[in-house]
Amino acid sequence: MAILKMGEDWPRILDAVDHWTRSGAKNVSTDVPRIDDAVGQYLAWLEASALRDYSKRHFKIRVNLFKNSVQNVRVSQVTPEFIEAFLATRKTSAVTRDTDRRVVSHFFSWCIERPRRWVIANPCREVKVEHGEKAAPSILPLNQCKDLLRAAEQHRGGMLVPYVAVCLFGGLRPFEASRLAWEQVNLKDGEIRLDATQTKTKTGRTVKICPTLKAWLAAHKGKSFFPANWRKEFEAVKAAATITTWPVDVLRHTAISHYFRKTGSYGFTAEQFGNSEAIIKAHYQSRVSSEDTKAFYRIMPAKGGVK
């Protein structure tokens with residue numbers, strides 16, 4: 001039967017046996033679940049894990065998308081070609097497809113680990129997603145910065161002003177701002193302390209508060225940085241500002257671009273935003289003009305509008 005399955009390559013059956021022996025496949029569980037069952041167990045493990053809530057949501061959404069998009073085969077039957085076929089159905093950017101691949105790879109790495117041992121190799125390891133040339137980060141134009149702040153100030157007593165301000169002037173990533181508490185904001189010394197559990201690099205950093213950010217935070221001190229129904233409220237603010245397109249991390253990219261134009265320092269900018277100097281050089285030079293940066297930092301809070 002093995003020879004019949006090997007077809008014309010039947011002389012290579014010894015190679016297959018050797019691979020089986022070398023890879024430790026004899027220790028693989030014989031009770032291998034199908035994808036639906038395996039994903040269910042993975043999500044239960046994920047929920048109880050010590051991963052950050054943001055990471056849990058991220059993995060849950062994408063691994064469920066994988067589960068719902070593919071045939072419900074046993075996880076041991078999934079090959080690199082199977083993964084490539086799944087990614088081909090994703091009509092998204094190369095960056096998004098590569099993110100899908102990395103999340104699915106995390107799932108299969110979990111399947112490999114003891115005590116499961118459902119598979120012997122991660123099928124995602126041999127799959128590559130060509131990114132092509134990376135587009136420059138999108139920057140929010142000066143007039144839209146003003147409109148967004150005006151809309152945030154006028155929306156439900158300014159409930160989203162602290163969030164918009166720390167992202168636009170402090171350059172915090174969305175998930176960093178979502179976990180920020182006022183106890184970490186030192187207006188007197190002009191600092192925001194981000195703990196290791198709140199940052200992408202998991203090293204923590206201190207963000208200097210510029211006078212503009214200080215004015216906005218002082219005017220709305222005590223309001224939550226991430227209120228209930230944040231997504232719905234933020235969509236309402238963007239609609240009020242007539243902003244119809246919203247590139248990923250556009251507030252952070254805007255903050256970095258203006259900060260670099262203001263300081264002219266790769267080192268200071270990299271330290272402030274938790275990037276490398278190479279990233280600053282590659283993506284944030286000459287993105288805004290000196291006049292726009294001066295006007296950007298002159299945007300101050302005021303009752304009923306933005307000066």
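User: How many salt bridges does the structure hold?
Analyst: This is a predicted model, where local features need pLDDT of at least 70, side-chain atom pairs count only at pLDDT 80 or more, and totals for chains, interfaces and linings use all residues. Residues are numbered from 1 along each chain as its sequence is written, and side-chain values use heavy atoms, with hydrogens and water left out. A salt bridge here means a side-chain nitrogen of Lys or Arg within 4 Å of a carboxyl oxygen of Asp or Glu. By that rule, the count for the structure is twelve.

User: Which parts does the salt bridge of Arg90 and Asp100 tie together, and how many residues apart are they?
Analyst: The two side chains meet at 2.7 Å, N to O. Helices are DSSP runs (H or I, at least four residues), numbered from the N terminus. Arg90 sits in the loop between helix H5 (80-88) and helix H6 (94-112) and Asp100 in helix H6, so the pair links parts of the chain whose separation in sequence is ten residues.

User: Are Arg101 and Asp98 buried or exposed?
Analyst: Their side chains form a salt bridge at 2.9 Å, N to O, and both lie in helix H6, three residues apart, about one turn of the helix. Buried means under 20% relative accessible area, exposed over 50%, and partly exposed in between (1.4 Å probe, protein chains only). Arg101 and Asp98 are both buried.

User: Why does Glu113 count as partly exposed?
Analyst: Glu113 pairs with Arg116 in a salt bridge at 3.4 Å, N to O. Arg116 counts as buried because its relative accessibility is 15%. For Glu113, the value behind the partly exposed label is 42%.

Key. Helix = DSSP H or I, 4+ residues; strand = E, 2+ residues; numbered from the N terminus.
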